[in-house]
Each structure stands twice: as structure tokens, then as C-alpha cells.
Amino acid sequence: MSGHSLWLGKAFPTASKAGDFIVNDFKRDGSHLSSAPPVEKWDDWIELDAQAWPRKVQRHFQLVPTICFNCESSCGMLAYINKETGEIEKFEGNPTHPASRGRLCAKGPATINQIHDPDRILYPLKRVGPRGGGKWERVTWAEVLATLGARMRKALLEKRNEEIMYHVGRPGHDFIMDRVLQAWGVDGHNSHTNVCSSSARLGYMLWHYADRPSPDHANARFILLLSAHLESGHYFNPHAQRIIEGKMAGAKLAVMDPRLSNTASMADYWLPTYPGTETAVLLAMAKVILDENLFDAGFVKTWTNWEQLELEGVD
Ligand code: SF4
């Protein structure tokens, strides 16, 4: 079938032709609309060249799943690879990713800037000349591994373990590298996390032995957030969408934050604490909950390390 349909005074094509998924499958009920290409079309996704309008010039892409690593949420993205040039042209959300579910914050699509950044380092470089001189020469990975491996081995054999420090920008390989360093007897793991979320993570680790929990926000009845988690905290994209789902299902949201942040503006309760007093407020809340027996004893017994606390004499 082909032809045109009149809708709100405008003519829309109704022809169904293989490949013209976006423009030619128009339906009055909107069922042709989709926020992302369907998986079965990822091998050969066709878009019309906007620059060529009004001519309909097709461009063919292969969509390859990848992740955004501009924060630790690691949202799922699709790299749009131009099948003619083999180059990535853009990134969009991967609707099949279980955490982000196709949604990205502005930093996700901006990953394309990193791909084409003229200062992007594509191969190992070795400094030549004095430190700070800004002169580098290209070396091979084999040379890097041989040089650094030999120096580290020498340091370990000479028991200079403290001279080795491992630094990573954003750790995404938890436990594996930690175990390697422990096996080497090296206490020198450093990352941006040391100045970012280490205090929160330590608390989580001591409490339930997972340093980055993902609570079941969507099914919660009451959600308490400390600071601006919804729009800027860790895992805010996967979490924020589920917090809002929970809220839409009737959950109450409380936010403890000195600022009336965007997160606080979405809350049912805003507790504008004085900076640094949050711990005291939380302890006071815990005392009331315990004194007035407002907690689920069965849950606490099953899911927390209460026995350990009891052994340590914590009432
Ligand atoms: S929340 Fe934004 S920056 Fe973080 S991984 Fe997702 S898209 Fe990237």
C-alpha cells in the first residue's frame, strides 16, 4: 500500500517500504513511534540524511552495544557506526540495558566528543627529555609491559613493595585488582573513589558487605535520600527513574539536604539539616525507631549482621 494520509491538516506518507521504518510507518494511533530502534534492526539501521532533505537519502548504520563510563552508573548505549565509513557517528541509549533501560543523561551522548577528541591518547607514550618538558615518543604495549613488569618485579624482590602504587581513574574491575595487589603485598590502591564516595562505601560495607547497593526503589513505600541523589548522586540515572516509579506508585520521598536541590524539590519531605549534622539526625531517628519498636524485627534478624553487633555488646 502507498499513498498519503491527512492528519491535522498535514499530509503524511503511509507507504510501508522495507528500511523506511521511521518515516513511512506512520499510524494515527502513534503505535509506529518508538524511542529506540528495535533489536532486529540493529545490524542495518537506516536513517534519512537530514542534510539531504527534501531528498530521501538513506544512511546505513550498525548499532553496537557499549556503555557510558562518564560516571559509575555505566549506562547502556548504542554506538551508531556508519557502515560506509566504519566510524562512530553518535551514541544513544540502549533500550535493552537492564539498569538504564535506554535512558541517558546529557553526558552519555556527549561521549562522541571523547571519541573524536584530538588530544585522545590512542597508544602508549614514553616521556623523552626532562619531566615537564612535554616531549613524548610512541612505544609498543610489549615495551610497556616488559619495562614496567621488570621494574615492579625488581621492587617486589627487593621488598620495596611500598614503592608500587596502583592508580585508576574510575574503578570498574572491583575485587580482581584488589586481590592482585594483596597477593603482591602492595597497599597502594588509589582511585578517584578515595576522595569521592569512600566514606559512604565504608558504611555500606560494614553494614551489609556491598559497597554500592541498588535498593529496590521502585517497590519501596518510603525512600530517604541524603543529599541530591536523584539528579546528581551515584547511579543517579538508573536510580532516579526507579525512585520516580516508586513515587508514582505511592511511595513517599524524604530528602535530607541543606540545599533546596532539584532532588529536594521533588520530595514529599525536605529536611534542611545544618551541614554535618546529618549523622546526629539519623541516630536520633534510629533511637525513636528502636525505642518505639517501629522496625521489622524479622527483617533485621534475617538481613543484617545483628548477631555480630550483639557479640560486640551493641544493644
Ligand atoms: S548517568 Fe549519565 S554519565 Fe553516568 S553512565 Fe549514565 S549516561 Fe553516563
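Residues are numbered from 1 along each chain as its sequence is written. In this predicted model, local features need pLDDT of at least 70, side-chain atom pairs count only at pLDDT 80 or more, and totals for chains, interfaces and linings use all residues; side-chain values use heavy atoms, with hydrogens and water left out.

The structure holds 2 cavities of 30 Å³ or more. A cavity is a set of points, on a 1 Å grid over the protein atoms alone, where a 1.4 Å probe fits but cannot get out. Grid points are joined across faces, edges and corners, and a volume is the space filled by probe spheres set on the points. The largest cavity contains about 90 Å³ of space. Its lining (residues with an atom within 4 Å of a point) includes Cys-68, Cys-71, Cys-75 and Cys-105. Lys-107, Phe-236 and Asn-237 are also among the lining residues. By class, the lining has 6 nonpolar, 5 polar and 1 charged residues. Here Ala, Val, Leu, Ile, Met, Phe, Trp, Tyr, Cys and Pro count as nonpolar, Asp, Glu, Lys and Arg as charged, and the others, Gly among them, as polar.

The ligand takes up the space of the largest cavity. A molecule sits in a cavity if more than half of its atoms lie within 2 Å of the cavity's grid points. Residues around the ligand include Asn-70, Ser-73, Ser-74, Leu-104 and Gly-108. Such a residue has a heavy atom within 4 Å of the molecule. The shell around the ligand divides into 6 nonpolar, 5 polar and 1 charged residues.

A search of the whole structure finds 3 aromatic pairs. Phe-61 and Tyr-80 form an edge-to-face pair, at 5.9 Å centre to centre and 65° between the planes. Rings of Phe, Tyr and Trp (its six-membered ring) pair if their centres lie within 6.5 Å; planes under 30 degrees apart count as stacked, over 60 as edge-to-face and the rest as tilted. Phe-61 belongs to strand β4 (residues 58–67) and Tyr-80 to strand β5 (residues 76–82), 19 residues apart. Helices (H or I, at least four residues) and strands (E, at least two) are DSSP runs, numbered from the N terminus. Both Phe-61 and Tyr-80 are buried. Buried means under 20% relative accessible area, exposed over 50%, and partly exposed in between (1.4 Å probe, protein chains only).

In another pair, Phe-222 and Tyr-269 have ring centres 6.5 Å apart and planes at 40°, so the pair is tilted. Phe-222 lies in strand β11 (residues 222–226) and Tyr-269 in strand β13 (residues 269–271), so the pair ties together parts 47 residues apart in sequence. Tyr-269 is partly exposed, with a relative accessible area of 44%.

Most residues other than glycine have a negative phi, and most peptide bonds are trans. The peptide bond from Trp-53 to Pro-54 is cis, with omega near 10°. Pro-54 lies in the loop between β3 (45–48) and β4. Arg-101 has a positive phi, near 55°. Arg-101 sits in the loop between β6 (88–93) and α2 (111–115) and is partly exposed at 30% relative accessibility. Phi of Lys-159 is positive, near 55°. Lys-159 lies in the loop between α3 (141–157) and β9 (166–168) and is exposed, with a relative accessible area of 68%.

Notes
1 Å grid on protein atoms, 1.4 Å probe; cavity = no way out; pocket = protein on both sides within 12 Å on 5 of 7 lines; lining within 4 Å.
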